[in-house]
Amino acid sequence: MTKMLPLTARQSWKALQAHQEKIREVHLRTLFDDDPRRGERLTAEAAGIHLDYSKNRVTDETLALLRRLAEESGLRERIDAMFRGDKINLTENRSVLHVALRAPRGTSMVVDGKDVVPDVHAVLGAMADFSNRVRSGAWKGHTGKRIRNVINIGIGGSDLGPVMAYEALKHYSDRAMTFRFVSNVDGTDLVEATRDLDPAETLFIASSKTFTTLETMTNAESARQWLLAGLGGDVKAVARHFVAVSTNARKVSEFGIDTANMFGFWDWVGGRYSMDSAIGLSTMIAIGPENFRALLDGFHRMDEHFRTAPFERNLPVLLALLTVWYGDFFGAETVAVLPYEQYLKRFPAYLQQLTMESNGKHVTREGAEISYPTGPVYWGEPGTNGQHSFYQLIHQGTRLIPCDFIAFDQTLNPLGRHHDMLLANVFAQTEALAFGKTREQVKAEGTPDGLVPHRVFQGNRPSNTIFAERLTPGILGTLVALYEHSVFTQGAIWDVDSFDQWGVELGKVLAARIVPELESATPTKLTHDSSTNALIRRYRMLRGRV
């Protein structure tokens with residue numbers, strides 16, 4: 001790729017700094033007063049998503065400068081490189097081709113000289129066949145009973161994607177079946193997931209690419225023991241009640257799983273980008289292969305929009321540029337994602353891994369220390385719950401917190417006035433954040449002088465409104481891809497490798513070293529810092545292992 005100037009040395013960056021000095025005190029009230037059509041003009045649409053970004057502290061000049069920053073950062077070149085299958089994950093020398101997971105049959109995407117799309121569809125076909133057998137009752141457990149319970153065992157992307165997708169698409173799921181998700185190595189997670197289930201009717205999906213992930217395999221082994229205890233100890237039962245999402249056939253076979261029931265994926269699929277791969281097997285069983293393909297179609301529609309649309313109308317690019325604007329030029333440290341749809345209650349948690357594991361980096365792709373903010377904290381809760389907890393801080397606190405509001409024109413569960421009230425709250429919150437309530441307005445209401453300051457809303461708090469007709473499998477795919485490509489764009493501008501996660505490794509390595517020090521029957525020589533040594537000794541003492 002073309003060698004570029006460091007980010008802060010680029011002309012567009014310097015121009016944005018000067019521009020921010022000029023407009024940082026300009027209020028959204030003024031911007032709307034000066035442009036009566038602003039709310040209609042600063043919008044964009046693609047793949048069933050309507051984005052209203054008019055309530056942001058930007059002018060046409062701001063947006064032009066941000067687009068220039070994207071261009072000077074080589075964004076178009078990086079987009080093309082990803083879709084070509086170039087090895088843009090530099091530190092692991094891997095392609096980044098999750099877009100191939102949702103490429104239609106007949107499309108060609110090449111990694112190391114091999115077209116990977118046929119392999120993707122072969123796995124999808126195997127997943128569909130297995131899902132149909134489980135859903136129809138043709139797949140029987142060890143005792144001949146049909147499977148009524150599915151427990152996905154994974155962690156990180158092997159858990160967050162499937163659990164988010166299940167909750168988001170519960171409306172479309174087979175309600176005769178129970179779906180649960182185990183990720184935490186805390187034994188409570190597995191115990192609570194299994195305590196009221198019949199082992200004879202329970203299928204476990206063990207999701208680990210290497211089949212060596214500590215938390216996942218610890219939980220899988222305990223689930224295996226629970227199953228055998230409930231089915232008389234016959235190890236042949238394992239093959240009827242466990243399947244694997246993995247690439248390690250030897251480890252899968254050693255566990256007792258028939259490798260014919262092993263669903264693979266590839267090293268060009270990052271964990272946090274894997275919910276539409278075989279990692280989504282639990283999703284496919286829950287909603288059926290047809291709905292799963294609609295999910296993939298939604299992903300693909302946003303992929304194509306991101307790949308081809310000019311930056312001024314490109315939804316992921318617009319979201320990303322606004323995130324960079326607030327984080328790097330206004331000092332905003334977080335982004336609140338606020339879905340006004342109960343089915344999306346786990347969507348903010350899913351985005352936390354997608355965004356923060358991707359762009360929580362302190363060096364550039366070339367390894368140089370970074371001097372500008374990267375990777376804001378993403379967080380949120382579904383509306384209207386959040387309005388009665390943390391919205392106070394967003395409205396009247398001292399921190400600038402840009403917000404993404406997600407809403408749907410139609411509800412999946414019509415119930416009296418509920419949806420009208422829900423949407424009224426979406427529109428009211430974005431209006432209140434943008435325009436606030438002035439001292440004069442508060443006084444005009446007859447508020448006592450001593451209370452006036454407490455009832456003033458400064459406004460000028462930015463937000464996006466992401467609007468779609470209804471939450472369908474296709475729209476969920478589109479939404480996830482929207483944020484995936486926004487993360488990609490942010491990373492391209494910050495010049496970080498958005499596809500590695502070395503920050504996850506150190507704690508895992510140290511934990512593996514500490515486990516035997518905790519479990520040893522006799523004290524061992526400890527060589528940690530004084531705090532860690534003291535904590536280990538205290539734990540051993542309380543467990544009677546002195």
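How much accessible surface does the chain have, and what share of that surface belongs to carbon and sulfur atoms? The accessible surface comes to about 23,700 Å², of which 51% belongs to carbon and sulfur atoms, as found by the Shrake-Rupley method with a 1.4 Å probe. This is a predicted model, in which local features need pLDDT of at least 70, side-chain atom pairs count only at pLDDT 80 or more, and totals for chains, interfaces and linings use all residues. Residues are numbered from 1 along each chain as its sequence is written, and side-chain values use heavy atoms, with hydrogens and water left out.

View 1. Helices (H or I, at least four residues) and strands (E, at least two) are DSSP runs, numbered from the N terminus. Buried residues, meaning those under 20% relative accessible area with a 1.4 Å probe and protein chains only, make up 52% of the 546 residues.

**View 2. Six strands form an open sheet in the order 1-2-13-12-10-11, with mixed pairing.** Two strands pair if DSSP finds at least two bridges between them. The edge strands, strand 1 (43-46) and strand 11 (377-379), each pair on one side only.

**View 3. Strand 12 (residues 403-408) and strand 13 (residues 463-468) run parallel and are joined by six bridges.** Within this pair, Phe408 stands opposite Ala468 in strand 13.

**View 4. Helix 20 (residues 473-494) packs on the sheet.** This helix touches strand 2 (49-52), strand 10 (334-339), strand 11, strand 12 and strand 13, where contact means heavy atoms within 4.5 Å.

Terms used:
Axes fitted to C-alpha atoms, helices over the stretch in contact; angles between N-to-C directions. Buried < 20%, exposed > 50% of the residue type's maximum accessible area, 1.4 Å probe, protein only.
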